[in-house]
Amino acid sequence: MSQEWFTYKNGQRKVYNSIEDFPENCIGFVYKIVNLNSGKFYIGKKSLWSNQKKALTKKELSEMSGPGRKPSKKLVTKETDWLSYWGSNKGLLGEIKEQGVDTYRREIIKLCTSKKELTYWEVHFQCVEGVLLTDKSYNDNILAKFFRKDLTSQE
């Protein structure tokens, strides 16, 4: 099924359908989405967890004691939409909407244990694949600093 997230390790295909399928220390992954008809691809990263600030309830505020200013918010960690995620590229998302998800393959190419590692490996694979130098890539920038349109020489 092309709707699954999967990876290959030692020649074995592993499918990820639940957060429990990931190693305990994994915080995200670098992925490649491929159009099975055209071969065009997208490389990106996805975090498994997100942090949000939420207002403290009246009960939580009343339970706080001690000197100093009391916090008004707390940090809440929750699972992201990784299972249904199809990237952030508008061109890719438009094609998926037109052609359907069965035309695409979602492959995890690297599991990561920190945000810095996640960013490094995303850039690494984007550079190795030459995403800005080929028409076979949906990626049009790297780190929002290097853009396909700014590269004058394609040689």
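How many salt bridges does the structure hold? The structure holds 5. A salt bridge here means a side-chain nitrogen of Lys or Arg within 4 Å of a carboxyl oxygen of Asp or Glu.

Some ground rules. This is a predicted model, where local features need pLDDT of at least 70, side-chain atom pairs count only at pLDDT 80 or more, and totals for chains, interfaces and linings use all residues. Residues are numbered from 1 along each chain as its sequence is written, and side-chain values use heavy atoms, with hydrogens and water left out.

Take Lys-32 and Glu-129. They form a salt bridge, with the closest N and O atoms 3.4 Å apart. This pair links distant parts of the chain, 97 residues apart. Lys-32 sits in strand 3 (residues 28–35). Glu-129 sits in the loop between helix 3 (115–128) and strand 8 (141–142). Helices (H or I, at least four residues) and strands (E, at least two) are DSSP runs, numbered from the N terminus. Lys-32 is buried at 17% relative accessibility. Glu-129 is partly exposed at 35%. The cut-offs: buried is under 20% relative accessible area, exposed is over 50%, and partly exposed is in between (1.4 Å probe, protein chains only).

Next, Glu-60 and Lys-74. Their side chains meet in a salt bridge at 2.8 Å, N to O. Glu-60 lies in helix 1 (residues 58–62) and Lys-74 in strand 6 (residues 73–79), so the pair ties together parts 14 residues apart in sequence. Glu-60 is partly exposed, at 25%. Lys-74 is partly exposed too, at 31%.

Now Glu-107 and Arg-105. This salt bridge spans 3.9 Å, N to O. Glu-107 is buried at 17%, while Arg-105 is partly exposed at 29%.
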